Amino acid sequence: MNRVVHFEIQAEEPVRAAKFYKDVFGWNIEKYTGEGIAWEYWMIMTAPTDSKDLGINGGIQKRPAQTPPPQCGTNAFTCTIDVINFDETSKKILSAGGKIALPKFALPKMAWQGYFLDTEGNVFGIHEQDINAA
(Lines give C-alpha, C1' and ligand atoms only; values in the text may rest on other atoms or scores of the structure.)
Protein backbone atom coordinates (compact mmCIF):
# COMPACT_ATOMS: atom_id res chain seq x y z
CA MET A 1 0.00 0.00 0.00
CA ASN A 2 1.29 3.49 -0.80
CA ARG A 3 1.00 5.71 2.30
CA VAL A 4 1.80 9.32 2.99
CA VAL A 5 5.00 9.34 5.02
CA HIS A 6 6.01 13.02 4.99
CA PHE A 7 4.47 16.37 4.28
CA GLU A 8 5.88 19.73 3.35
CA ILE A 9 4.53 23.20 3.93
CA GLN A 10 5.66 26.00 1.66
CA ALA A 11 5.92 29.42 3.27
CA GLU A 12 6.91 32.93 2.29
CA GLU A 13 8.18 33.38 5.88
CA PRO A 14 9.24 29.94 7.21
CA VAL A 15 9.99 31.27 10.71
CA ARG A 16 6.48 32.75 10.95
CA ALA A 17 4.96 29.49 9.69
CA ALA A 18 7.02 27.46 12.20
CA LYS A 19 5.75 29.68 15.04
CA PHE A 20 2.16 29.25 13.85
CA TYR A 21 2.34 25.43 13.85
CA LYS A 22 4.24 25.32 17.16
CA ASP A 23 1.66 27.60 18.81
CA VAL A 24 -1.40 25.76 17.46
CA PHE A 25 -0.35 22.09 17.58
CA GLY A 26 2.72 22.04 19.85
CA TRP A 27 4.92 20.51 17.15
CA ASN A 28 8.70 20.53 17.55
CA ILE A 29 10.08 22.48 14.58
CA GLU A 30 13.80 23.07 14.14
CA LYS A 31 15.90 24.44 11.31
CA TYR A 32 17.71 21.62 9.50
CA THR A 33 21.47 22.06 9.79
CA GLY A 34 22.66 18.84 8.16
CA GLU A 35 24.03 18.27 4.68
CA GLY A 36 22.25 17.40 1.48
CA ILE A 37 19.78 20.27 1.17
CA ALA A 38 20.81 23.41 -0.72
CA TRP A 39 18.01 25.58 0.67
CA GLU A 40 16.64 26.54 4.08
CA TYR A 41 14.52 23.76 5.55
CA TRP A 42 12.79 23.22 8.89
CA MET A 43 12.06 19.71 10.17
CA ILE A 44 8.65 19.13 11.76
CA MET A 45 8.23 16.41 14.40
CA THR A 46 4.53 15.99 15.16
CA ALA A 47 5.18 13.60 18.08
CA PRO A 48 8.16 12.42 20.14
CA THR A 49 10.43 9.86 18.46
CA ASP A 50 9.20 7.01 20.70
CA SER A 51 5.49 7.84 20.23
CA LYS A 52 3.10 5.02 19.35
CA ASP A 53 0.55 7.49 17.93
CA LEU A 54 -0.25 7.23 14.24
CA GLY A 55 0.98 10.11 12.14
CA ILE A 56 3.72 11.48 9.97
CA ASN A 57 6.41 14.15 10.21
CA GLY A 58 7.25 16.81 7.68
CA GLY A 59 9.05 20.00 6.87
CA ILE A 60 8.71 23.67 6.01
CA GLN A 61 10.55 25.20 3.09
CA LYS A 62 10.58 28.65 1.52
CA ARG A 63 7.97 28.94 -1.21
CA PRO A 64 9.87 28.89 -4.55
CA ALA A 65 7.33 31.05 -6.41
CA GLN A 66 4.47 33.43 -5.70
CA THR A 67 1.30 32.01 -4.22
CA PRO A 68 -1.38 31.68 -6.91
CA PRO A 69 -4.44 33.92 -6.47
CA PRO A 70 -7.24 32.54 -4.25
CA GLN A 71 -9.40 31.79 -7.31
CA CYS A 72 -6.98 28.99 -8.23
CA GLY A 73 -8.16 26.85 -5.33
CA THR A 74 -5.70 24.75 -3.36
CA ASN A 75 -2.11 25.39 -4.45
CA ALA A 76 -0.50 22.58 -2.45
CA PHE A 77 -1.16 19.17 -0.92
CA THR A 78 -3.69 19.64 1.86
CA CYS A 79 -3.10 17.72 5.05
CA THR A 80 -5.76 17.12 7.68
CA ILE A 81 -4.75 17.00 11.33
CA ASP A 82 -6.57 14.82 13.87
CA VAL A 83 -7.39 16.87 17.00
CA ILE A 84 -9.00 16.07 20.35
CA ASN A 85 -11.27 19.13 20.43
CA PHE A 86 -12.26 20.91 17.20
CA ASP A 87 -13.55 24.08 18.87
CA GLU A 88 -10.51 24.59 21.12
CA THR A 89 -8.15 24.02 18.21
CA SER A 90 -10.13 26.41 16.02
CA LYS A 91 -9.74 29.14 18.67
CA LYS A 92 -5.97 28.52 18.80
CA ILE A 93 -5.72 28.73 15.01
CA LEU A 94 -7.58 32.03 14.90
CA SER A 95 -5.60 33.55 17.78
CA ALA A 96 -2.31 32.52 16.09
CA GLY A 97 -3.24 34.43 12.93
CA GLY A 98 -5.01 31.72 10.95
CA LYS A 99 -8.34 32.15 9.14
CA ILE A 100 -11.35 29.95 8.46
CA ALA A 101 -11.44 28.62 4.90
CA LEU A 102 -14.45 26.30 5.30
CA PRO A 103 -16.32 26.29 8.64
CA LYS A 104 -16.86 23.26 10.86
CA PHE A 105 -19.20 20.65 9.42
CA ALA A 106 -20.24 17.13 10.33
CA LEU A 107 -19.08 14.00 8.61
CA PRO A 108 -22.17 12.17 9.91
CA LYS A 109 -21.51 9.46 12.47
CA MET A 110 -17.76 9.91 11.97
CA ALA A 111 -16.24 13.30 12.80
CA TRP A 112 -16.24 17.08 12.75
CA GLN A 113 -14.18 18.58 9.93
CA GLY A 114 -13.18 22.08 8.87
CA TYR A 115 -10.56 23.87 6.81
CA PHE A 116 -8.35 26.81 7.68
CA LEU A 117 -5.66 29.05 6.18
CA ASP A 118 -2.37 29.35 8.02
CA THR A 119 -0.32 32.56 8.15
CA GLU A 120 1.13 31.72 4.71
CA GLY A 121 -2.21 31.14 2.95
CA ASN A 122 -1.88 27.34 2.98
CA VAL A 123 -5.09 25.34 3.40
CA PHE A 124 -5.18 22.60 6.04
CA GLY A 125 -7.95 20.66 7.72
CA ILE A 126 -8.66 19.65 11.29
CA HIS A 127 -10.67 16.55 12.16
CA GLU A 128 -12.22 15.60 15.51
CA GLN A 129 -13.43 11.99 15.61
CA ASP A 130 -17.02 11.84 16.94
CA ILE A 131 -19.48 9.06 16.09
CA ASN A 132 -22.28 11.40 17.23
CA ALA A 133 -21.46 14.10 14.65
CA ALA A 134 -24.56 15.05 12.71
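This protein has two helices and eight strands. Keep in mind that the model is predicted. Going along the sequence, the elements come in the pattern β-α-β-β-β-β-α-β-β-β. The radius of gyration is 15 Å, close to the 14 Å that the globule rule gives for 134 residues, so the protein is as compact as a globular protein of that length. Along the principal axes, the C-alpha atoms fill a box of roughly 50 × 40 × 35 Å.

Of the 134 residues, 31% are buried. If we take the contacts with a separation of 6 or more, 50% of them are between residues 24 or more positions apart. The exposed surface comes to about 9000 Å², and carbon and sulfur atoms supply 55% of that.

How much space lies in the largest pocket? The figure is about 1200 Å³. Its lining has 39 residues, and the closest to the pocket centre are Thr46, Leu54, Gly55, Ile56 and Ile81.

Which elements give two or more residues to this lining? They are strand S1, residues 6-11; helix H1, residues 14-25; strand S5, residues 80-82; helix H2, residues 86-95; and strand S8, residues 123-129. The largest share comes from S1, with four residues.

As for the kinds of residue, the lining of the largest pocket divides into 21 nonpolar, twelve polar and six charged.

To recap the pocket: S1 gives the largest share of the lining, and Ile81 is one of the residues closest to the centre. That is what I have on this structure.

Conventions. Residues numbered from 1 in each chain as written. Predicted model: local features only at pLDDT ≥ 70, side-chain atom pairs only at ≥ 80, totals over all residues. Heavy atoms only, no water. 1 Å grid on protein atoms, 1.4 Å probe; cavity = no way out; pocket = protein on both sides within 12 Å on 5 of 7 lines; lining within 4 Å. Points joined across faces, edges and corners; volume = space filled by probe spheres on them. Nonpolar A, V, L, I, M, F, W, Y, C, P; charged D, E, K, R; others polar. Rg over C-alpha atoms; globule rule 2.2 N^0.38 Å. Buried < 20%, exposed > 50% of the residue type's maximum accessible area, 1.4 Å probe, protein only. Contact = heavy atoms within 4.5 Å. Areas by Shrake-Rupley, 256 points an atom, 1.4 Å probe, with all protein chains shown as cover.
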